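The sequence and structure come first.

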Amino acid sequence: RRSHGPLARALATTTSILYLLPGTLAMALLTCLFAWIPPRGKTTSFLARHWALGLLGASGVRVELEIDPAVDPRQGYVVMANHQSNFDVVAMLATLPGTFRFVAKRSLFLIPIFGWALWAGGFIPVHRGDRSKAREVWKAAGRVIAGGHSVLFYPEGTRSRDGRVHAFERGAFLVALKTGAPILPVGIAGALEVMPRGHLSIAPGTIRLRFGAPIDPRAYGVRGIGDLVGHVRRTIGELAGAELA
């Protein structure tokens, strides 16, 4: 394990900031220019993946990866993971198999250049706190999956402060049931130590990602959504080695 002392944190935070500003600007501009070129999903995923790998390297953060043999990178999945840190997103972008999109707060889409890149890349805005817009998110996610891409959700809705896996919202499960797309459960560990919620400094260390076997939502149906939510939540908790709240 790497040192998490003040000097190590200061160095990791500084180098990540030095990368983040020019790296994000370059990624955003390239996405705006080239994301429209077919195949659209491949270009977007390539740029996002390399931006994330650069940020991990600049921050002194390693990723240990375990992927179940049943995972097919050509398949579009409803990807669900536990949420500990902002670095969860970075680690997932760097390692997700195949091509992908994610659901993000609509406020991010309003940031000049960066937000334009999210729009150009086909990422999905969500209005938090406005349930009337939920159907728009589900429809957009369905279109992405129909195109053969995966969509990443954090069904807890917000980052865990204690590392435990908290209650899941049902929106992502409705997407899976409506599209018939398999659910890909992912357990994340170590991200809380790298950058806890409410902290701006970064501790160099290791984030461990375990991609489990895909789960067929059609085996549960809409009436069995409660059982499906419980099964996926338990699976993600086991993959992450985390307790359920």
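Asp-72 is partly exposed at 25% relative accessibility, a class that lies between buried (under 20% relative accessible area) and exposed (over 50%), with a 1.4 Å probe and protein chains only. Its side chain meets that of Arg-74 in a salt bridge (3.1 Å, N to O), and Arg-74, at 71% relative accessibility, counts as exposed. A salt bridge here is a side-chain nitrogen of Lys or Arg within 4 Å of a carboxyl oxygen of Asp or Glu.

The model is predicted, so that local features need pLDDT of at least 70 and side-chain atom pairs count only at pLDDT 80 or more, whereas totals for chains, interfaces and linings use all residues. Residues are numbered from 1 along each chain as its sequence is written, and side-chain values use heavy atoms, with hydrogens and water left out.

The search of the whole structure finds five salt bridges, among them the following.

| Pair | N to O distance |
|---|---|
| Arg-74 and Asp-72 | 3.1 Å |
| Arg-210 and Glu-66 | 3.6 Å |
| Glu-64 and Arg-62 | 3.9 Å |

In the salt bridge between Arg-210 and Glu-66 the closest N and O atoms are 3.6 Å apart. Because Arg-210 lies in strand E7 (residues 205-211) and Glu-66 in strand E1 (residues 61-67), this pair ties together parts that are 144 residues apart in sequence; strands are DSSP runs of at least two residues, numbered from the N terminus. Arg-210 is partly exposed at 32% relative accessibility, and Glu-66 is partly exposed at 44%.

Glu-64, in its salt bridge with Arg-62, is partly exposed at 37% relative accessibility, while Arg-62 is partly exposed with a relative accessible area of 40%.

Key
Helices (H or I, at least four residues) and strands (E, at least two) are DSSP runs, numbered from the N terminus.
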